[in-house]
Amino acid sequence: MVKARYTPMRAGSRAAAVHLRYLQRDGVTRDGAPGQLYSATADRAEGSTFLDRAESDPRQFRLIVAPEDGLQLSDTKSFTRDLMHQVERDLGTKLDWIAVDHFNTGHPHTHIVIRGVDDLGENLVIAGAYLAHGIRERASELVTIELGPETTVERQQKLTREIDQERLTRIDRALLRETQETADGIVDMRPAAHANHTDFDRHLRIARLQVLQRLGVAQETETGRWSLNPHMEQTLRQLGEQGDIIKTMHRAMTSQKIDRASEQIVIHGKDEAMAAPITGRLLARGIGADELGDRVHLIIDGIDGRTHYIELPTSAVKIEATPLGAIIQIGEADRQPRAADRNIAYIAEENDWLYRPKDHLATARADRGVVDPVAYVEAHVRRLEALRRAGIVARLDADQWRIPAEFEQRAAMHGDGHTPATSLRVLTTLDLETQIASDGATWLDRQLVGRDGTPVTAAGFGAEVGRALDRRREHHITQGDASRDGKGRLLYRRHLLATLQGRELVRVGQEIATAQGLPFRVASAGETIRGTYREAVQLASGRFALIENAQEFTLVLWRPVIDRSLGREVVGVMTDGGISWQLGRGRGLGA
């Protein structure tokens, strides 16, 4: 079996790097170790070096080669090198490629990634027919050279094992070819019509047709005559992919010692709209089911009592940054208006829906919270240029833009051109046991007080969460943060989450102060914070940024926008809910 496809490469995309990291993940070798990349000349190849060479390539070619008797091959690296040498001879050019062997399934297979340029640096073009059939034929020739021709008995045994498979098989392809060779598209299995076939081949086809009828893709119209559903091939491919997904899910659940009934397993379609967010524990992650494209899969043990398989574009989730065991939420991306869009709308509405950068610059210079007024306004103008190309705004002249009255709504729907339809939020990286005894404001606490109150089902992981919530309630009673009234109702102290977060900040801040020899101070609302952003600190209450100056340091809520300023001076104003950063791009970048 050979799967092949070409993948367009976009400048700045991390999809190729994600794909290589997945190919080198743990547990894919014979002894369960991470996969090792190799090339035509090196047994240990560096993926980063290969990606650097391929940075400006227009495309990649990705192959999966799975010899049917792969376990009998003496050396898969030598086999792959021989195959790629033959491919080079067929194409008339040297190829730059890397590969990795996987032994984590019942069929050993090799992933090969080929750069999209030839030995002269020109675009590499490979005919579709060669990708679809030629490489497989070359691989088959090499296997036959090493293992010898397949005997009749071996062939019959392999075909017999395909009869009951719920996927597209070689028998199905033979049946489909027969329908194309007949005028009425009927497969005739009557003895007279199969005089040129052996009894084995005829009985093999009949047995497979009976299975296909059970699967709803074939029908015996009269004795010995069968019609095939026009969508049979597509249906069987989908069934095969679904079977592979279920195996992947079972492996993930088994590794975590989790047992779920079949009705508790949910496979979400690639283009399926999400009726409600999925919240649960991340069990596994990896590349999409075909292992060739730029999609990632997540397996989530949901608090709704079901285990979910969902695929997302690599642009929607940083797969390597989402730790296993984290409690996450997958949902439709939040398309709220940007702070810059709100600013543009405010300025324009005051001027008969005309935006003038010079007016905005005057306002920015009067705002003491704006560190760099010129850069601040330039960022808004760049945003307007992007929206002009999208047809949302019109530039009238060098210093005047026409803004529509519904600007904020239209700009929010446009996003930045890269905003995924689905988003991933890491709710906490702490397991339930750690949260139960934590002194911080945990995800369990947000569930208890209704801040993130998502319905929890008393089954599967939902049952585990339910028991953890009960124990967290008792913890709060023990700590004096909750009590029961005369009617048995549980009452929490006022501002429970803020109190817990404050306690944790003080404890962790003092620990860091002792280690670094620099005083810690808790920041208060309305205060301007100025200092160097040193690092992000993960607490039970969330992720916090450590901001340090010459005299002291403080911890404030972290947001992705600040990561661009790691090691640099930052300025922000504390608010009731977090901090509003002023990073030379304007207001509204805060928490």
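A cavity is a set of grid points where a 1.4 Å probe fits but cannot get out. The views below show a predicted model.

**View 1. The largest cavity and its lining.** A search of the whole structure finds 2 cavities of 30 Å³ or more. The largest cavity has a volume of about 50 Å³. Its lining consists of Val 65, Pro 67, Gly 70, Leu 73, Thr 76, Phe 79, Thr 80, Pro 108, His 109 and Thr 110. Helix α3 (76-91) and strand β5 each supply at least two of the lining residues. The largest share, 3 residues, comes from α3.

**View 2. The largest nonpolar core.** This core contains 23 residues, of which Leu 20, Ile 98, Leu 298, Ile 300, Ile 310, Ile 328 and Ile 330 touch the most other members. Two or more residues are given to the core by each of α1 (15-23), β4 (97-102), β10 (278-287), β11 (295-302), β12 (307-313) and β13 (327-332). The greatest contribution is that of α1, with 4 residues. A second, separate core of 22 residues includes Tyr 38, Leu 63, Phe 79 and Leu 83.

**View 3. The surroundings of Ile 328.** With neighbours within four places in sequence left aside, Ile 328 is in contact with Ile 278, Thr 279, Gly 280, Leu 282, Leu 298, Ile 300 and Thr 322, and also with Leu 424, Arg 425, Val 426 and Leu 427. Among these partners, Leu 298 and Ile 300 are listed with Ile 328 as residues that touch the most other members of the largest nonpolar core.

**View 4. Helix α1 within the structure.** Because 8 of its 9 residues are buried, α1 is largely enclosed by the rest of the structure. The buried residues of the helix are Ala 15, Ala 16, Ala 17, Val 18, His 19, Leu 20, Tyr 22 and Leu 23. These residues pack against α2 (47-53), β3 (59-65), β4, β5 (109-115), β10 and β11.

View 5. Strand β21 (residues 542-548) pairs with β22 over 5 bridges in the antiparallel sense, and the bridge partner of Phe 544 in β22 is Leu 557.

How values were computed
Residues are numbered from 1 along each chain as its sequence is written. This is a predicted model: local features need pLDDT of at least 70, side-chain atom pairs count only at pLDDT 80 or more; totals for chains, interfaces and linings use all residues. Side-chain values use heavy atoms; hydrogens and water are left out. A nonpolar core is a set of buried Ala, Val, Leu, Ile, Met, Phe, Trp, Tyr and Cys residues joined through side-chain atoms within 4.5 Å. Buried means under 20% relative accessible area, exposed over 50%, partly exposed in between (1.4 Å probe, protein chains only). Contact means heavy atoms within 4.5 Å. Two strands pair if DSSP finds at least two bridges between them. On a 1 Å grid over the protein atoms alone, a cavity is a set of points where a 1.4 Å probe fits but cannot get out, and a pocket is an open set with protein on both sides within 12 Å along at least five of seven lines; lining residues have an atom within 4 Å of a point. Grid points are joined across faces, edges and corners, and a volume is the space filled by probe spheres set on the points.
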